[in-house]
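Biologist: Could we go through this model together, slowly enough for someone who is new to reading structures?

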Amino acid sequence: MRKFWFFALVTVIFLSLSSIGWAQQIYGDYLETRSADVYTGSCFANAEVGLSGDQAILAWRVEKGSWNGVSLDGLSVVGVAKAKATLGDSFHNPYPAKSVLIVDDRANREQQIALISFAKTMAGELLDNAVDVEAAPIRMEIEHHAGHPGAGFLKAGSLAAIETRPINDHDHLCGNEETYYPPLASVTHAMPAVALLDQYSGPALGVSWTTHDKRNAFVGTFSR
């Protein structure tokens, strides 16, 4: 009988720890653009390799959750990167990349530190070398239809702006389009999109850009 209760207790503890380990800690919306098409035919994609695709904007809006024990409910963070080569090209190393991090100006100091840690973890090496951190008002919205993300909008102070729409039949330019590049960050779900506006304006990266109507965006969700 003692042995039975011992194994029963071990099982309960194991299941409890497992549920804690797998519990969803943080989740929300994700938005990305880069300076190369992500939804494209291979012939179009190859034409951009080495010429573009070395710039990117990544944005997260936390719906609910904590990071390193700090609540980030409703807060946003944006990473802007300038890499050494086309991101996603397996033949050239784009790192180290320079990056700028934009944290929600509603966040307190502890939350800003957590947002920076969160963004760097989600994007990995891309945001490791941050040359500047700015606090700014961030507005990020993503429409959801039947559980799937649709159009997206981002405004991060005067530094970054994104506006997207879903892909449609008119976006098939060469007839064999596919999602050529995966998202640059860890996501639970993402759909390629057209960036009606993709804009960054700031001195820290040595480059600014404004592009329109390019198939270079992802709209999605994350959880961790």
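What follows is a set of questions and answers that moves from the whole chain to single residues.

Biologist: Since this is a predicted model, what average pLDDT does the protein chain have, and over which residues is the pLDDT below 50?

Modeller: Of the residues in the chain, 79% score at least 70, and the average pLDDT of the chain is 84. Where pLDDT is low, the predicted coordinates should not be read in detail.

Biologist: How many helices and strands does the protein chain have, and what percentage of its residues is buried?

Modeller: Among the contacts in the chain with a separation of 6 or more, 70% are between residues 24 or more positions apart. The accessible surface comes to about 11,300 Å², and carbon and sulfur atoms hold 56% of that surface. The secondary structure comes to three helices and 14 strands, and of the 224 residues the buried part is 46%.

Biologist: Are the rings of Trp60 and Phe118 stacked, tilted or edge-to-face?

Modeller: A search of the whole structure finds five aromatic pairs, and a pair of aromatic rings is described by the distance of the centres and the angle of the planes. For Trp60 and Phe118 the centres are 5.8 Å apart and the planes stand at 75°, and since an angle over 60 degrees decides the class, the pair is edge-to-face.

Biologist: Which other ring pairs with Phe118 in a tilted way, and how many residues apart in sequence are the parts that this pair ties together?

Modeller: The second pair has its ring centres 5.3 Å apart and its planes at 50°, so it is tilted, and the partner of Phe118 is Phe222. Both Phe118 and Phe222 are buried. Because Phe118 lies in helix α3 and Phe222 in strand β14, the parts that they tie together are 104 residues apart in sequence.

Biologist: Which residues form one aromatic cluster?

Modeller: Two members of the cluster, Trp60 and Phe118, are both buried. The whole cluster is Tyr30, Trp60, Trp67, Phe118 and Phe222.

Biologist: Is Glu32 buried or exposed, and with which residue does its side chain make a polar contact of 2.5 Å?

Modeller: Glu32 is found in strand β1, and beyond its neighbours within four places in sequence it touches residues including Leu58, Pro183, Asn216 and Phe218. Its relative accessible area is 0%, and because this is under 20%, Glu32 is buried. The partner in the polar contact of 2.5 Å is Tyr30.

Biologist: Which residue makes a polar contact of 3.2 Å with the side chain of Arg215?

Modeller: Arg215 lies in strand β14, which spans residues 214-223. With a relative accessible area of 4%, Arg215 is buried. The side chain at the other end of the contact belongs to Asp37.

Biologist: Where is Asn68 placed, and is it buried or exposed?

Modeller: Asn68 is not a glycine, yet its phi is positive, near 55°. Its place is in the loop between β3 and β4. Its relative accessible area of 61% is over 50%, so Asn68 is exposed.

Biologist: Is Asp213 buried or exposed?

Modeller: Asp213 is found in the loop between β13 and β14, and it has a positive phi of about 55° although it is not a glycine. At 56% relative accessibility, Asp213 counts as exposed.

Biologist: Is the peptide bond from Tyr95 to Pro96 cis or trans?

Modeller: Pro96 has its place in the loop between β5 and β6. With omega near 5°, the peptide bond from Tyr95 to Pro96 is cis.

Notes
Residues are numbered from 1 along each chain as its sequence is written. This is a predicted model: local features need pLDDT of at least 70, side-chain atom pairs count only at pLDDT 80 or more; totals for chains, interfaces and linings use all residues. Side-chain values use heavy atoms; hydrogens and water are left out. Helices (H or I, at least four residues) and strands (E, at least two) are DSSP runs, numbered from the N terminus. Buried means under 20% relative accessible area, exposed over 50%, partly exposed in between (1.4 Å probe, protein chains only). A polar contact is a pair of N or O atoms within 3.5 Å; within protein, one must be able to donate a hydrogen and the other to accept it, and residues adjacent in sequence count only if both atoms are side-chain atoms. Rings of Phe, Tyr and Trp (its six-membered ring) pair if their centres lie within 6.5 Å; planes under 30 degrees apart count as stacked, over 60 as edge-to-face and the rest as tilted. Contact means heavy atoms within 4.5 Å. Accessible areas come from the Shrake-Rupley method with a 1.4 Å probe; for residues, only the protein chains shown count as cover. pLDDT is the predictor's confidence in each residue, from 0 to 100.
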